[in-house]
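Dear colleague,

Please find below the structure that I am handing over to you, followed by an account of what was found in it.

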Number of protein chains: 2
Amino acid sequence: MTELTCDISMSLDGFVAGPDPTLEQPLGEGGDRLHQWAYDLETWREPHGLSGGTSGNPDAEIMAETVARAGATIMGRRMFGGGDGPWDESWRGWWGEEPPFHHPVFVLTHHPREPLAMEGTTFTFVTDGIESALEQARAAAAGRDVAVGGGAEIIQQYLRAGLLDELQVHVAPILLGGGTRLFDGVGPASLEIVRTVESPAVTHIRYRVVR
Amino acid sequence: MTELTCDISMSLDGFVAGPDPTLEQPLGEGGDRLHQWAYDLETWREPHGLSGGTSGNPDAEIMAETVARAGATIMGRRMFGGGDGPWDESWRGWWGEEPPFHHPVFVLTHHPREPLAMEGTTFTFVTDGIESALEQARAAAAGRDVAVGGGAEIIQQYLRAGLLDELQVHVAPILLGGGTRLFDGVGPASLEIVRTVESPAVTHIRYRVVR
């Protein structure tokens, strides 16, 4: 059965992006540090078209597992980028001509756009809401799981709708002191710890959402 | 060397107490669930004068270790209780005649009060600030560590002053959706993961504060 999952890096004080995001610094001040644990991993670098990197550590295994599980990704308009309002179709995402997903991606937006086929990844723009995006992503995932990529608002929408099955939080050992909170407007709620993986760089905790 | 440490249970969304605390429910709505992992442990029940309980699991070991490390505790006025303003000296804390600390406790307050000696624990009321409380607690800890008990405001004061050495966060698998945030007004800051202990009930992460 295809599950709806989410993998996200969060600071210990609950932020998934720092304050004052800009076009040059889309994760806000200090937000890059959330993902510091991943940048050196071969399993992160390879889908991003970069060579080298470390392997054989718990972080690398977690990253490989996350990549292998997902058959489709759902993301919000801002994660795809290109500003607000009707599309400037010259914007083709942040990731260059070969995006790191290598599976179908569904972008939630209020503004229609034709599907965008890139090397290994086709972006489909969904204007009729989170349930429709989930249905389309499930059909496209070929039996694998559907991942909610972010940002926080989209994750919150799926949590509030009771549609998320699993949530893996990579708790980064930093305090950002401000920014975008992962759980704004969600809860009270209960989770069930599925697994905790220790690493010197980050703490990986996988939860099942209790409904 | 005596270190300043803090052990605290926090919800995954960053709260150490739920919304709307009252005298009957000092941890706010749902706040009791933060400590659910501890209530059944023999190592929690024994210092609280309760018999029975589970043992031999990671949570029990963490609790025993925490109890053994601390030679003195510093807490805020609200954690000791009894309302705001000048002391009603009939208030002798929440814990009955044998408080669970069994070591000297220093209560930060703006209102002077004579030391209060109870079974196994003497409460000293400190009106000249967090550094004075730390100095007095260090002298009283007999070579063991000094624990900051809480609440959040006091922990934040010690963090902002750069006085906290270690912070162990027990991340409870719940979202409270509101209440008192552990890290309000703290950060940006970096931590170093010292150790992560997995349990089905809670995730124990010990951090060293980087200065």
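Apart from its neighbours within four places in sequence, Leu41(A) is in contact with Gly53(A), Thr54(A), Asn57(A), Asp59(A), Ala60(A) and Met63(A). Please bear in mind throughout that this is a predicted model. Leu41(A) lies in the loop between helix 1 (36-39) and helix 2 (42-45) of chain A. Its relative accessibility is 2%, so Leu41(A) counts as buried, the cut-off being under 20%. From Leu41(A) to Ala64(A), 23 residues along the sequence, the C-alpha to C-alpha distance is 9.6 Å.

Asp145(A) belongs to strand 7 (residues 145-150) of chain A. Two polar partners of its side chain may be noted. The side chain of Asp145(A) makes a polar contact of 2.8 Å with that of Arg69(A), and it also reaches the backbone nitrogen of Glu3(A) at 2.9 Å. Beyond its neighbours within four places in sequence, the residues in contact with Asp145(A) are Met1(A), Thr2(A), Glu3(A), Thr5(A), Arg69(A), Ala70(A), Gly71(A) and Ala72(A).

Turning to helix 5 (residues 130-140) of chain A, its buried residues are Ile130(A), Ser132(A), Ala133(A), Leu134(A) and Ala137(A). These buried residues pack against several elements of chain A, including strand 1 (4-11), strand 3 (70-76), strand 7 and helix 6 (152-160). Just after helix 5 of chain A, Ala142(A) adopts a positive phi of about 55 degrees.

Strand 8 (residues 166-172) of chain A is mostly covered, with 7 of its 7 residues buried. In a regular strand the side chains alternate between the two faces of the sheet. In strand 8 of chain A both faces are covered: Glu166(A), Gln168(A), His170(A) and Ala172(A) are buried on one side, and Leu167(A), Val169(A) and Val171(A) on the other. Strand 8 of chain A runs parallel to strand 1 of chain A, to which it is joined by 7 bridges; Thr5(A) stands opposite Glu166(A) in this pairing. Strand 8 of chain A is also joined by 6 bridges to strand 12 (residues 203-209) of chain A, in the antiparallel sense. Here Val171(A) has Thr203(A) as its bridge partner.

I turn now to the interface between the chains. In chain B, 31 residues are in contact with 31 residues of chain A. Together the two chains bury about 2600 Å², of which 60% is on carbon and sulfur atoms. Leu12(B), Leu175(B) and Ile193(B) supply 26% of the area that chain B buries against chain A, more than any other three residues.

On the side of chain B that touches chain A, the elements giving two or more residues are strand 8 (166-172), strand 9 (174-175), strand 11 (189-197) and strand 12 (203-209) of chain B. Strand 11 of chain B gives the most, with 6 residues. By type, this side of chain B divides into 19 nonpolar, 6 polar and 6 charged residues.

Strand pairing also crosses between the chains: strand 11 (residues 189-197) of chain A and strand 9 of chain B pair in the antiparallel sense over 2 bridges. In this pairing Ala189(A) stands opposite Leu175(B).

With kind regards

How values were computed:
Residues are numbered from 1 along each chain as its sequence is written. Chains are lettered from A and ligands numbered from 1 in the order in which they are written. This is a predicted model: local features need pLDDT of at least 70, side-chain atom pairs count only at pLDDT 80 or more; totals for chains, interfaces and linings use all residues. Side-chain values use heavy atoms; hydrogens and water are left out. Contact means heavy atoms within 4.5 Å. Buried area is the accessible area (1.4 Å probe) that two parts lose on being put together, summed over both. Helices (H or I, at least four residues) and strands (E, at least two) are DSSP runs, numbered from the N terminus. Ala, Val, Leu, Ile, Met, Phe, Trp, Tyr, Cys and Pro count as nonpolar, Asp, Glu, Lys and Arg as charged, and the others, Gly among them, as polar. Two strands pair if DSSP finds at least two bridges between them. A polar contact is a pair of N or O atoms within 3.5 Å; within protein, one must be able to donate a hydrogen and the other to accept it, and residues adjacent in sequence count only if both atoms are side-chain atoms. Buried means under 20% relative accessible area, exposed over 50%, partly exposed in between (1.4 Å probe, protein chains only).
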